[in-house]
Amino acid sequence: MNIVKHEDITWIDIENPSKHNIEYIRENFNVHPLAIEEFITPTYRARATKYSNCLFLTIHIPLFDTERRTTYAGEIDILLTKTHLVTGHKKDIYQLRTFFDGLQKSEGKRRTYMIHSTAHLLYEIFRILTESCFPRLDHVVRHIDEVQEGIFNGNEREMVREISIIKRDILNFRRTLMPQRSILESIISQPNGVVPTDIKMYYQDLIGTNIRLWNDLESAKETIVSLEKTNNSLLSEKINHRMRIITVFSVLWIPITMYLNFFGINVTNMPLKDNPFAVFIHLGVMLTISIITFVIFKIAKWI
């Protein structure tokens, strides 16, 4: 549990909250027991709950798993009172840790971000977390550009898996980002006693940023769906071309097989039976049949 304080405002950040941490909150904050329990209970849905003297929020932010190459939701529980901001999260969140460390080390940053109210400090956290989504989105766009290059460079089969990875990434990104807007709207639309009126316009700006992110994700989604259709078309065309070549070569063997079967009949007076050059004559005839069949297919534009 880390604590940073400036005048009347205190921020307590808890990574992987323990029972000891929960007891500390219970003893030092007069908040509803249900809000305290939320710090140790995983919550899969974002929520905003107003209590008599505090506001409890559960939000999810998009984090990236480098091994599985996909976005996943990182949960942050937030307890907001007029004097205290408590954040709890299971995993280390780089953006949150960097901002917290900056406040601990810099008196100037504490004067800048912790001088007005806890709601102003929470706004700054929301702003940092929201803007951290743009580099992640840029990563998705770069991945899409790489897939586009791969598709038109003849690597359709390899791109099938990459397209699936991008679609899963965008889907998880959207599922994480979508509820944030309703949480921000809840903060500014309901009188809760801990969010001053003058800060609500800043939260409104965050909603605009959230909408921009959502629109960019929609654009990325439409682009990858279009590329998937193009890739499938090119892949089908390539498979059909190979199947046509295999079929043509199979058909080329039919006249030759009939010719060989004819001379394989065990009867007397078979032509060329006693000719010392029979083998070469048969090879020449089979080659001629193959050439004639090939020319016919070529004229018919089957190959």
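Where is the place of Pro 17? Pro 17 lies in the loop between E2 and helix H1 (19-28); helices (H or I, at least four residues) and strands (E, at least two) are DSSP runs, numbered from the N terminus. This is a predicted model, in which local features need pLDDT of at least 70, side-chain atom pairs count only at pLDDT 80 or more, and totals for chains, interfaces and linings use all residues. Residues are numbered from 1 along each chain as its sequence is written, and side-chain values use heavy atoms, with hydrogens and water left out.

Pro 17 is buried, with a relative accessible area of 8%; buried means under 20% relative accessible area, exposed over 50%, and partly exposed in between (1.4 Å probe, protein chains only). Not counting residues up to four places away in sequence, Pro 17 touches Ile 22, Phe 39, Ile 40, Gly 88 and His 89, where contact means heavy atoms within 4.5 Å. The C-alpha atoms of Pro 17 and Leu 234 are separated by 52 Å, and the two residues are 217 apart along the chain. Asn 16 is also placed in the loop between E2 and H1. Its relative accessibility is 45%, so Asn 16 counts as partly exposed. The phi of Asn 16 is near 55 degrees, a positive value in a residue other than glycine. Most residues other than glycine have a negative phi.

Strand E1 (residues 2-6) and E2 run antiparallel and are joined by five bridges; two strands pair if DSSP finds at least two bridges between them. Within this pair, Lys 5 has Thr 10 in E2 as its bridge partner. Glu 7 is found in the loop between E1 and E2, and its phi is near 50 degrees, again a positive value in a residue other than glycine. Glu 7 is exposed, with a relative accessible area of 54%.

Strand E2 (residues 9-15) and E6 run parallel, joined by six bridges. In this pairing Thr 10 stands opposite His 84 in E6. E5 and E6 run antiparallel, joined by five bridges, and they form a hairpin with three residues between them. Leu 79 has Val 86 in E6 as its bridge partner. Five of the six residues of E6 are buried, so this strand is largely enclosed by the rest of the structure.

The next feature is the largest pocket. The largest pocket holds about 540 Å³ of space. Of the 26 residues that line it, the closest to its centre are Thr 43, Tyr 44, His 60, Ala 73 and Glu 75. On a 1 Å grid over the protein atoms alone, a pocket is an open set of points where a 1.4 Å probe fits, with protein on both sides within 12 Å along at least five of seven lines, and lining residues have an atom within 4 Å of a point. Grid points are joined across faces, edges and corners, and a volume is the space filled by probe spheres set on the points. E4, strand E5 (70-80), strand E6 (84-89) and helix H7 (156-189) each supply at least two residues of the lining. E5 gives the most, with seven residues. The lining divides into eleven nonpolar, nine polar and six charged residues; Ala, Val, Leu, Ile, Met, Phe, Trp, Tyr, Cys and Pro count as nonpolar, Asp, Glu, Lys and Arg as charged, and the others, Gly among them, as polar.

Thr 58 is in strand E4 (residues 55-65) and counts as buried because its relative accessibility is 0%. The side chains of Thr 58 and Asp 77 are joined by a polar contact of 3.0 Å; a polar contact is a pair of N or O atoms within 3.5 Å, and within protein one must be able to donate a hydrogen and the other to accept it, while residues adjacent in sequence count only if both atoms are side-chain atoms. Beyond four places in sequence, Thr 58 touches residues including Thr 43, Glu 75 and Ile 183. Glu 162, in helix H7, is buried, with a relative accessible area of 17%. Leaving aside neighbours within four places in sequence, Glu 162 is in contact with Arg 69, His 143 and Val 147.
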